Amino acid sequence: MASAASFSYAAALTSTVRNKFRLMTWNIAGLDHEPDELRECTLAQCEEVKMYSPDVVYLQEVTPSTCGLLRSTLQDYKMIPATEGRYFTAILLKNSSVQHLSASIETFLGSKQGRQLQTVRAKCADAELTLMCSHLESQGKSAGERVRQLKTVFERIEEASSNSAVIFGGDLNLRDKEVTKAGGLPSGVFDIWILCGEPPDAEFTWDPTQNDKLEFPFKMTAKCRFDRLYLKQGTASGLKVVPERFMLVGKKRLPVCETFPSDHWGIVCDFKVEETK
């Protein structure tokens, strides 16, 4: 894997090259922490955002207390929280490179955990984007509701304007078999990790064999690709959004609490925008 310094250079590059942009998604684990630890974790997450300098950020498990800290620390971004509940998603747009067009929220009526689909329309690198972020229902016992939520999202992706590329992602808590139960990916919708060549070092975003943020009463061996990104092109736009690099972030242990910023690794994905031929 390339060094942080090279990623830092690449981050600066994406903000100056007109036809490129970078997106990050991360469950920042804002629940069930002591206040001091939560502050340290949130500030470390902000430093990751600053280092990788994404144009768009999807966050999950934002809380009222971390929302204020994120907003005050990441002043180069327009922060769009989904709601003001106990915890929620938020989409951040870099002020210098992304034009915000509109935003909407759809609550999943069957959710027992307050889950929603957050959608922001924006323009970046000359491309119109429909940015969709969600934190689908958690835990294995909620598989049925999670599949129903995924089906709803797939419907919304298919309904999106053909002038806009759609990027959907977040902590989706998905197992591959659940995508199959949802009917598989709709025509024209692609898993970005697969499009990027299935890099093995970026597969498992929730990996308690490497990330000891959470404590378990037994040895955990499960490794999961809970966090995902999906892409659908805007077929009438004359432009194509092409993912170029898919990597995991948030792997630096914190100095005070001696753990990681989140029990999830974050995802950073680089895109280029090309004219269709």
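1. Basis. Residues are numbered from 1 along each chain as its sequence is written. In this predicted model, local features need pLDDT of at least 70 and side-chain atom pairs count only at pLDDT 80 or more, while totals for chains, interfaces and linings use all residues; side-chain values use heavy atoms, with hydrogens and water left out.

2. Fold content and size. The chain contains six helices and 12 strands, taken as DSSP runs (helices H or I, at least four residues; strands E, at least two) numbered from the N terminus. Its radius of gyration is 18 Å, close to the 19 Å that the globule rule gives for 277 residues, so the chain is as compact as a globular protein of that length. That radius is taken over C-alpha atoms, and the rule is 2.2 Å times the number of residues to the power 0.38. Along the principal axes, the C-alpha atoms fill a box of roughly 55 × 40 × 35 Å.

3. Burial. Of the 277 residues, 53% are buried, meaning under 20% relative accessible area with a 1.4 Å probe, protein chains only.

4. Helix H2. This helix covers residues 35-52, which is 18 residues. From first C-alpha to last it reaches 26 Å, close to the 26 Å expected at 1.5 Å a residue; the expected span is 1.5 Å times one less than the number of residues. Its buried residues include Leu-38, Cys-41, Ala-44, Gln-45, Glu-48 and Tyr-52. An α-helix has 3.6 residues a turn, so residues three or four places apart point the same way. Just after H2, Ser-53 has a positive phi of about 50 degrees.

How values were computed
Buried means under 20% relative accessible area, exposed over 50%, partly exposed in between (1.4 Å probe, protein chains only).
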